[in-house]
Structure formats: structure tokens, C-alpha cells
Amino acid sequence: MSTKSALRPRYLKLHAVLVFAFLFAPIIVLVVFSFNQAKSGTDWAGFSTHWYSVLRHNEAALQAFRKTLKVAFIATFLATVIGTLAAFALTRFQFRGRSGYSTLIFISLVIPEIVMAVSLTAFFSRLVHVELSLNTVIAAHVTFCIAFVVVVVKARLSAFDNRLIEAAADLGANPFQAFLRIVLPLATPGIAAGAMLAFVISLDDVVITSFTAGPGSTTLPLYIFSSLKFGVSPSINALSTVVLVTALLLLTIGGLYSVRASRRGVGAIDATTLG
Amino acid sequence: MSTTAIDTPEAPEAPEPPAPPPGKRSRLPDWAAGNLLLLPTSVWFVILLIIPTLLVVAYSVGQRGLIVPVKFSWGNLVWSNYRTALNPRFLPIFWRSIWYAAVSTILCVLIGFPLAYWIARFGGRLRNVYLVLVIIPFLTSYLIRMYAWQFILQRDGLLNRVLGDIGLGGNHIFLNTNFAVILGLTYGFLPFMILPLYASIERMDKSLVEASYDLGHGKTSTLFRVIIPTVSPGLIAGVLLVFIPAVGDFVTPELLGGVKTQMIGNTIYDQFTSGNNWPLGSAMSVLLMALILIGVFVYVRRVGDDAL
């Protein structure tokens, strides 16, 4: 196929349909087969919610789910506060040494997950001798979430119109008031998007969690990961579906919030902000 | 520029003008306010990022201990861990990681660019809907998406069943092959390519394309000489966002691969767990970090760091 024809809308559209099918097929398959009555395999034995009721009585999975949410909420909160302050500093102030801070953030983004995982386990267990627990997991999650918050909030703030601040000052607002009444509300969609991103990344982490978790701190990804060692099973399909639905709900709430915010004239969470 | 997720340290800031001093100035000078706001970040990163990373660097020249995992002393730096990490048993794993990640990145460009282009240029009113369709998998658990492929690709999985039903034989081996791991990496990181590409295509001035046609360029020439150079910031960000996590990935080769398809991430994992050789694992970690940092540096230098 020559490039000449490749960029025609008709071919592009066909391509788009195929890519979307590729992106969603595995997820849909997983969800559909979580309602399969059969014990294993891909034989369709009829619709059933059996695996969900099994799941409801699976205390280990439920506990892992609760722990995952706890870690994600606390880590997201801390990372959002820390990251937002950093993003404000990097966009609103000119000072020497900014590139040093950017380097720190850059390192935390490009360092491979496995390296962060082993370095944190070495740090906690051999250098500072902290017992691995849910707290060490939270500390680790904050570490890899901060940069995502910074990037997203920064993107939002750099599109910020500085004349608004001048206008506020002209109208008699002091810098603190201007910040609270002008800058913060305008940055809120960006902060919310950053927090959402941090939350889903925390919710999903396997590698770093597995190295920083103590014996009693199995999160849901760890639970799923260790169950997979015993092979594929429909109850994991059901569990995965629950996780997917949770994340989707969150995304919908975030999306609705951003639409509402934009109707109020605050500006939508630009979908590209997440990239 | 600011919407791409990677920011190099030396990249100049977006063209935001410095806050102009209006009549009333904040009591704190900029440098004080900036450093103060960045204090939590720097404290957190120094303690939980820099020190742990330096610890791994130190461990990479340490010695295996009997009671503690690593014995490190300045007087006795053990370089043999690096020799072991690069010996014929482990070197192929490094190469394999690089080529898996490279092939996946190229596939992501080939699949992602036309899609991003179509959404940006022909998406019309539904553009945001299409974007959400890209973002949903992006925000969906990576582990679960890889598990879904395991479910599909396994011996008695859906793919074999479908192939069997249409008479192509239902007993193929997909898992533990190069195909499965590259498929998983491509699938897993594709949204990381599409989103930044979309962002820069969307910002591209459409009249550039028209001008190129008016000046007598054909479609091919316009694609390579106008469109691709203009969207290169998104392309560069996409390549980095796919390659970096792919080369050190652990979950994909663990779920879709096996011994033959082991990547460096799994190897490091093993050294810190079952293998119980922390110094060797640390040396591999340092090599992986060096690979990524050098790769990023060279790549950004070659394609121009103004793009980031």
C-alpha cells in the first residue's frame, strides 16, 4: 500500500476501526468469560454470575481490594499535594536551579520500575531497617506518582493566562487572594486529572509493590499476580472485571466533573493532558 | 510541548512569560517561593529515589554475604558482578530486551500514527469520544490487560479455538514466543504512543499541508517533509514513552513469556528473589539504567532536544 492511498480518510477510518477492535477485544473477552459457567477454558457453558458470588466470599481478595484502595487513596493524596506544589513552583516562578528539580522529576519518570523496586527494598530493609508493610508500599507509590502529577498540572498551568493575575492585582487582590481565587480554581481540572492518573497508576502497580510489601500487605494486583501462577481461572476473570469497572467508574466521575467544570467556564480536562 | 509527558532537564521552559511585576509584589522573592514549594518534592526524592538508587549502585560493586544479602566496603570493590552480568548467559537477555522494545516501539508508531492522525484530522464532533476510547485502555490495569492476552493465547485459549473452528488447526503454541511478548508490549503501550502523537497532530496548522500541496508536493512528500517533521515532538515523546517502560518491563514477559523470552526485568527480579544474588541484580540494574539514560540522551541529541 502506498503512502499516497494510506492517508486517505477511508483507509484511515478502516485502520481506526481495526485498532479500536484490537484495543478492546481482549478486555471484552475477559469480561464476557467472567460470566461463563464453565470451570475453565473457553467452552461456553451458559451465562452465570457464579464466579462473582464465589468472589464475594473470597475474604483474601476482598481484603486485598480494600488494601489497594487504601494505598491508592493515601498515595494519591500525598503525591497530589507534593506534585501540585512542585508544578506551581516550576511554572509560576523564575529562579536558578529549576533544571535541577526538573532532573529529579525526570529521573523518577525514566527509572525502570524494576530498578525502583529493588532499590526501595534495599533501602527499606538494609539501610534504614524499616519493616516492610502497607506504609512502605504507600511511600513507594508516592515516589512514582509525584512526577505524573507534576507533568499533568504543569501542562495545565503553562496554558495559564498571566493577565488574569494582573487583572486581579489591578482590582485590589493581594497575591494570596489572587492565588486562592484565580490560580487555584483554574488549575483544579489539571490537579484532578493528575490525581486521577496517580490513582489508577497506584491501583495497578505490581512490581514495586511486590518488593515493598510486607507479609500482611498483599494488594489486589499482588493477589491477582500470585493467583495467576496457578493458571487462568474464571474467578480471576470476575475479579479483573470488578477492577475494570471500578477504574471505569472513576474515569466517568472524573470525566463528568471535568465537563461540569468546563461548563462553569473553568475549562475541561483536556484529554491530551493525560498524555 | 507541555502536554508531552517527558520533560528533559535541559529543555527550556514553555514560552510562558515570567510573572510580570505588577504594582504589588509578593513578599517572597521568586527564588525563595520556588525553592520552598519544591522542598517537599526534593526531600521526598532525595530520600526515596536518589539514596536508594545510589545504594543499588554501591551494591553492584559489593559482595554476596552469607547473613546479609550484600557486603559492601570501599576497600573491596567487586567489579566481577558486571562481568557476570555481561557474560554469555545474561548478555543475550539484554539484547533481547532491546530488540523486543524496539520492535514494539516501531509497531506502535505504525499502528498509532494513522489512528492519531485520523482522530485529529477527521474525528469531527466525535473526536473526544475516540480519544476516550484510547484513554480507557490506557487507564485500564496493565496487569489485567496482559492477563486477558494470556487467557486468549494459552493452549486451550480463545485464539486456538477460533483457529480450530475455521480449520487452521487449534493446537498452536503462542505463549512463550517472541510473538506473544512483542504483541503484549505493543498492545500494552500503544496508548502511550497515540496520545502524544494526537496532541501534536492536533496542534499542527492544517494550512501547512495545503501550502505543501499548493507548492507542488505530492502526498508522500507532504507526509514525510511536512507532516512528520511538524509532529516530531509528539513522535519523540511517544517513542520514549513506549521504549523506556517496554525495555525494563516485567509483567508482560512474566505472563506471556517463558524462559526463552526472559527480559532483563525478570532477570533482575530473579536475582533479588529466588536467585538471591543482590550484587549481580544491582549490577544489572545499573546497566539497565545506563542503557536507558544513554539511549534517551543520544536519541534526544540526534532528533533535537528542542522537540521535548
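Q: What makes a residue of this model count as buried?

A: A residue is buried if 20 or more other C-beta atoms lie within 10 Å of its own. The model is a predicted one. By that criterion, 48% of the 275 residues of chain A count as buried. In chain B, which has 308 residues, buried residues make up 46%.

Q: How many residues does each chain bring to the contact between A and B?

A: The size of an interface is often given as the accessible area lost when the parts come together. Here the description is by residues: the contact takes 87 from chain A and 94 from chain B. On the side of chain A that touches chain B, helix H2 (residues 9-33) supplies the largest share, 12 residues. That side of chain A divides into 57 nonpolar, 20 polar and 10 charged residues.

Q: Where in chain B does helix H5 lie, and how is its length to be read?

A: Helix H5 of chain B covers residues 142-153. Its 12 residues reach 16 Å from the first C-alpha to the last, close to the 16 Å expected at 1.5 Å a residue.

Q: Is H5(B) mostly covered or mostly exposed?

A: H5(B) is mostly covered, with 12 of its 12 residues buried.

Q: At what angle do H2(A) and H5(B) pack, and which residues make the contact?

A: Two packed helices are described by the angle between their axes and the distance between the axes. H2(A) and H5(B) pack at about 75°, with their axes 9 Å apart. That angle makes H2(A) roughly perpendicular to H5(B), because values of 65 to 115 degrees are classed in this way. H2(A) contributes A:Pro26, A:Ile27, A:Val29 and A:Leu30, and H5(B) contributes B:Arg145, B:Ala148, B:Trp149, B:Phe151 and B:Ile152. The residues of this contact divide into 8 nonpolar, no polar and 1 charged.

Definitions and conventions: Residues are numbered from 1 along each chain as its sequence is written. Chains are lettered from A and ligands numbered from 1 in the order in which they are written. This is a predicted model: local features need pLDDT of at least 70, side-chain atom pairs count only at pLDDT 80 or more; totals for chains, interfaces and linings use all residues. Two residues are in contact if their C-beta atoms, placed from the backbone, lie within 7 Å. Helices (H or I, at least four residues) and strands (E, at least two) are DSSP runs, numbered from the N terminus. Ala, Val, Leu, Ile, Met, Phe, Trp, Tyr, Cys and Pro count as nonpolar, Asp, Glu, Lys and Arg as charged, and the others, Gly among them, as polar. The expected span of a helix is 1.5 Å times one less than its number of residues. Axes are lines fitted to C-alpha atoms, for helices over the stretch in contact, and angles run from 0 to 180 degrees between N-to-C directions. Angles under 35 degrees count as roughly parallel, over 145 as roughly antiparallel, 65 to 115 as roughly perpendicular and the rest as oblique.
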